[in-house]
Amino acid sequence: MITLSKGQYLSDVMNEIPSNCILSKRIPGCGATTLELDTNRSSIIVVPNVPVIVSKCNKYDNLLGVYEGVNQSQIIEYLRENRIRKIMTTPESFSKVKSACEKCGINVYSDFFLLEDECHQLIKDVDYRIDIVMPMNDFFLFNRKALVSATPIGFSDPRFEENRFEIIEITADYDYRQDITVTHTYNIAKAVGQYLESHNETVCFFVNSVVEIYSIMNQFGLLEDSAVYCAPKSRSKLKVEYGFTNAHTEWSAETMKKYNFFTGRFFTAFDLELPYKPDLVMITDPYNAEYTMLDIDTDCIQICGRFRNGINSATHIYRVNPEIIAKSREQIEWEISAHEFAYTTIQTLYNSAENKESRFAFGAVLETLPFRKFQYPDFTKNWFAIDNEINEVLVQSQYQSDIFLKEWYTDCHFFNPTFTKCGYDENDEKLKIVSKCRSVKDKRRKMVQILSEIEQPYSEYALDYINSVRAIDPFIVEAYEVLGKERIEELKYNQRKMNEEMILAQRKGNKVVRLIKNFFSIGKDYLNDTIVNEISRIFETLNIHPEKEIKPSIILDYFQAVPFKSNGKRGYRLVSELV
C-alpha cells in the first residue's frame, strides 16, 4: 500500500509504475497516466475513449494519439523519428500500432511498457463493445505491463494469477471523500425542476441517454443555454431527430454553456479543466433507460473525478424500479455455470454427431445458447464478458430498492452522502393510513380505494400521486390499472390469480410462455405430475388443444432442465429459461 498526503501525486512517491501490477489508486486525478507519460521509457497506453487522447495530446508534444482516422503510415513515421516513444491508443486501434511496429522491425513486446488505463472499462463496456478487450490477448505477452484505475473491478481471468499480478493500493492520509446529495424521486422531471430552481450557476449533467437529455432541455426551456457532449451517433440523433445542433464529440472549455450534458463517453479518463467550480448532477432513470443506471463504485466516482479544479456541489438524482429481480453474486455465478453446462452438453453432441445434418442442427443450437455471449468469436471463454454480466446484474439489483442505494452510498469509501427525497408529500393523511395497515391484503384494499377516488387520473398532480402509491406497492397499482377495482375484489386480492389475469388481459407477447413463467421458477424441482397438470391447465385456460398427449418432457420446450428422482418419483429441475 502507498499513502499520499494532501497535495501529493504519484510522481512524488514512486519513480515509475511497476510491471505485473494492478494499480488501484482509489483517488481520481492523482496522476497515474501522467506518471507513465513522464517516465523515461517507451510506452503504449491503452485508454477506453478518444476524448482523453485528444486532451493528453494537447499537453504532450511527443505523444502520438492513435484512433479512428490515424493511419499506419503516420504511426510508422512517428516510430522512425522518435527514440523514446509515447503512444496513446484506443483498444480498437491497438492493432495498427502493433502492425506498424512489425513493419519497422520493432519488437513491441520487449521495447514497450504496456499500460491498460481505466482498466475497469474492460469489464464495464465489453457487452456492447467486444473490441475493447482485444488488446488483452497481447497484453500478457509484453515483458513489462500493468493496469491502472481509480475504480478497479476484480478480474476472474486466470491469466492474472498465472502471471502473478499483485494489487498495489494507493490510499490517502487525509479525508478525500466527496460530499454528495443523493435524491430519491418518483418523478425525475420534478426533481430536476426543483434542482434548477436552487442552482443558478454553471451545471454539468451526466446522463447516459440523449433522449433523456433532450427531454430535460426541452421541458425546462434550456435549449438555447445548453451544450451536449456525446458520441458521433448521438450527435447525429440530436441533430436529425430533434434539430438540436449544439452537440459536440470533443470537449473544450470554450464550447461550455450554462447547462452542459455529458453521456457515458465522457464519464471516464477525461480531464475537465475549468477556471471555476461547476455544480454536478448525475441522473439515473431505470424506467426510461436501463443504461442510465450508474455504478456508484465506478461511474459515480469517475464522474466526480473529471473536474481537476474541483466542483461546487455533487448531486445524484435517481429512481428505483421495484420490479428488478435482485440477485446475489452467488446466484449469478450459478446461472452462468448452468449456461456453460448446457453449452458444453450440446457441444459434445455436436462433436460426436454421426452425420452432417445432425452436426448442422447442433451447431445452430449452439449459436443461440445464452453462454455464447461469454465467448470470443473463436469460441474461447471471454472472462471479461463473464465479469461484465456479474457486475451489471449486481448494479441493476441495487436499483430495486431505495434502501439498497442508501447502503451502497454509505459503504462507498469515496462519498459522504446526504439523503433526500423528492416526490409526494410524505405527510399525506391517506398514505399514513396505508402505512399503518397490519396485513398486505388490508394495505392493498386501502390503496385500491385511494386509486378509485382519484377524479382526474391523468392530471399532472394525479400522476405524481399515483407514483407515490406505486412506490409503496407497484404490483397492486398495475393490477388496478389493468383489472380495475371490481375484478380485484372478485379475486379477493389473491396475488397469483391477479397476476394470471393481468398476463391474459395485457396480451403482451406469448401468453403461454408468460403463464408458464408465472408458475415455474428457475432452480426449483417439479414432479412430472405437477408439470403435466399445470401446463394442461394453462392450455385449457387459453383454449389450446394439443394434438398429442401432454408429457412431462414438454417442460424442455420452455426451460433447460435436468431429470431428477426423489422417493421413487421423477421430475425435472429447472436450470435456465429457453424462451
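The largest cavity of this predicted model has a volume of about 40 Å³. A search of the whole structure finds 1 cavity of 30 Å³ or more. The protein has 579 residues, of which 50% count as buried, and its fold comprises 23 helices and 19 strands. The points below begin with the cavity and continue with the overall fold, the aromatic residues and several individual loop positions.

**The cavity and its surroundings**

- The lining of the largest cavity is formed by Val46, Val47, Pro48, Pro91, Glu116, Asp117, Glu118, Gln121, Leu122 and Ile132.
- Two elements, strand E6 (113-117) and helix H6 (120-124), each contribute at least two residues to the lining of this cavity.
- Arg129 is located in the loop that runs between H6 and helix H7 (136-139).
- With a relative accessible area of 15%, Arg129 is buried, because the limit for that class is under 20%.
- When neighbours within four places in sequence are left aside, Arg129 is in contact with Pro48, Asn49, Pro91 and Glu92. Pro48 and Pro91 are also among the residues that line the largest cavity.

**Overall fold**

- The C-alpha trace of the protein spans about 80 × 70 × 50 Å along its principal axes.
- Of the contacts between residues at least 6 apart in sequence, 68% join residues that are at least 24 apart.

**Aromatic pairs**

- The structure contains 28 aromatic pairs.
- In one of them, the ring centres of Phe160 and Phe165 are 5.3 Å apart and the planes meet at 85°, so this pair is edge-to-face.
- Both members of that pair, Phe160 and Phe165, are buried.
- The pair of Tyr174 and Tyr176 is likewise edge-to-face, because the planes lie at 80° and an angle over 60 degrees places a pair in that class. The centres of these two rings are 6.4 Å apart.
- Tyr174 has a relative accessibility of 23% and therefore counts as partly exposed, whereas Tyr176, with a relative accessible area of 17%, is buried.
- Phe139, Phe140, Phe155, Phe160, Phe165 and Phe384 are linked by ring pairs into a cluster.

**Arginine side chains over rings**

- Arg41 is placed over the face of Phe113, at 3.7 Å from the centre of the ring.
- A further arrangement involves Arg359, whose charged end sits over the ring of Tyr350 at 4.1 Å from its centre.

- The side chains of Asp157 and Arg159 are joined by a polar contact of 2.7 Å.
- Apart from neighbours within four places in sequence, Asp157 is in contact with Trp383 and Phe384. Phe384 is also one of the members of the phenylalanine cluster.

- Asn20 has a phi near 55°, which is a positive value in a residue other than glycine.
- Asn20 lies in the loop between strand E1 (2-4) and strand E2 (21-24) and counts as buried, at 18% relative accessibility.
- Arg164 also has a phi near 55°, again a positive value in a residue other than glycine.
- The loop that holds Arg164 runs between H8 and strand E8 (166-172). At 74% relative accessibility, Arg164 counts as exposed, because the limit for that class is over 50%.

- Pro552 is found in the loop between helix H23 (528-541) and strand E18 (559-566).
- With 22% relative accessibility, Pro552 counts as partly exposed.
- Pro552 and Thr530 are 22 residues apart along the chain, and their C-alpha atoms are separated by 8.6 Å.
- Beyond its neighbours within four places in sequence, Pro552 is in contact with Asn528, Ile531, Val532 and Tyr572.

How values were computed: Residues are numbered from 1 along each chain as its sequence is written. Side-chain values use heavy atoms; hydrogens and water are left out. Rings of Phe, Tyr and Trp (its six-membered ring) pair if their centres lie within 6.5 Å; planes under 30 degrees apart count as stacked, over 60 as edge-to-face and the rest as tilted. Buried means under 20% relative accessible area, exposed over 50%, partly exposed in between (1.4 Å probe, protein chains only). A charge sits over a ring if NZ of Lys or CZ of Arg is within 6 Å of the ring centre and within 35 degrees of the ring normal. A polar contact is a pair of N or O atoms within 3.5 Å; within protein, one must be able to donate a hydrogen and the other to accept it, and residues adjacent in sequence count only if both atoms are side-chain atoms. Contact means heavy atoms within 4.5 Å. On a 1 Å grid over the protein atoms alone, a cavity is a set of points where a 1.4 Å probe fits but cannot get out, and a pocket is an open set with protein on both sides within 12 Å along at least five of seven lines; lining residues have an atom within 4 Å of a point. Grid points are joined across faces, edges and corners, and a volume is the space filled by probe spheres set on the points. Helices (H or I, at least four residues) and strands (E, at least two) are DSSP runs, numbered from the N terminus.
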